[in-house]
Every structure is written in structure tokens, then in C-alpha cells.
Amino acid sequence: QVQLVESGGGLVQAGGSLRLSCAASGIIFSINAMGWYRQAPGKQRELVAKITSGGITQYDDSVKDRFTISRNNAKKTVYLQMNSLKPEDTAVYYCNLMFNYLPWGQGTQVTVSS
């Protein structure tokens, strides 16, 4: 079964940290560029970080220097380390392939309180 499952979200105070995980199955993970997306209420889904199969990363300016995307091909998992969280980071976070998107899953909720 081709599937991506996000986990690791939660409720934290501003300035706190979370580490999100996205576990893949049913794909050849190592050859796929991956991305983390988020969607806040009333807003479109936006790409916040991406990582190529070769490990090259890129971030949206809103999260640059605070978030780090990484991958472990042996575990078929992509991570998003989120530090110095702000209330505006509150959203549902999703992962997906950068190409040939899989159906969007439930994501994982990140809520940052002030």
C-alpha cells in the first residue's frame, strides 16, 4: 500500500520545539524528493520545506533558520525539526512527494500557544 503517515504534532508554547515524522511505505523512498506542507484554518496549503533525493534542502522564508528538514532513507522517513515555534506556525502539517503527489492524508496538528 502506498502511504504516508505523519506524526509528532502537539500543543506547545511559543518558543518550544517539536519534531515531526513522516513514514513512507509502498514507494522507493530514496529516489523521491519530499516536502513538508502546512495548512492553517482559512488558508491554502503551503510548502514550508523540501528535500531532494540528494539531501539538498530549501525553506520558505517564514520558517528559515527555525525549521530543519531531513531524511533517513533506511527508515523511509522524512523529519521536520521545528524550533522557536511561533503561534503563526499553528497548522496541520503534511508530507508528500514533490512529484507524483500521493493523496493527502490527515496530517499532524501543530498548535503553538502564546
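Predicted model: local features only at pLDDT ≥ 70, side-chain atom pairs only at ≥ 80, totals over all residues.
## Asp-65, out in the open

Asp-65 counts as exposed because its relative accessibility is 75%; exposed means over 50% relative accessible area, buried is under 20%, and partly exposed is in between, using a 1.4 Å probe and protein chains only. You'll find Asp-65 in the loop between β6 (57–59) and β7 (67–72).

Residues are numbered from 1 along each chain as its sequence is written, and side-chain values use heavy atoms, leaving out hydrogens and water.

## Two positive phi angles

Most residues other than glycine have a negative phi. Asp-65 has a positive one, near 80°. Ser-84 is positive too, with phi near 50°. Ser-84 sits in the loop between β8 (77–82) and β9 (91–97), and counts as partly exposed because its relative accessibility is 41%.

## The cores

A nonpolar core is a set of buried Ala, Val, Leu, Ile, Met, Phe, Trp, Tyr and Cys residues joined through side-chain atoms within 4.5 Å. The largest one here has 28 residues, and Trp-36, Leu-80 and Tyr-93 are among those with the most contacts inside it. Elements giving it two or more residues include β3 (18–25), β4 (34–39) and β10 (108–113). A second, separate core has 5 residues, including Ala-33 and Met-98.

Beyond its neighbours within four places in sequence, Tyr-93 is in contact with Glu-6, Arg-38 and Phe-67, among others; contact means heavy atoms within 4.5 Å.

How values were computed: Helix = DSSP H or I, 4+ residues; strand = E, 2+ residues; numbered from the N terminus.
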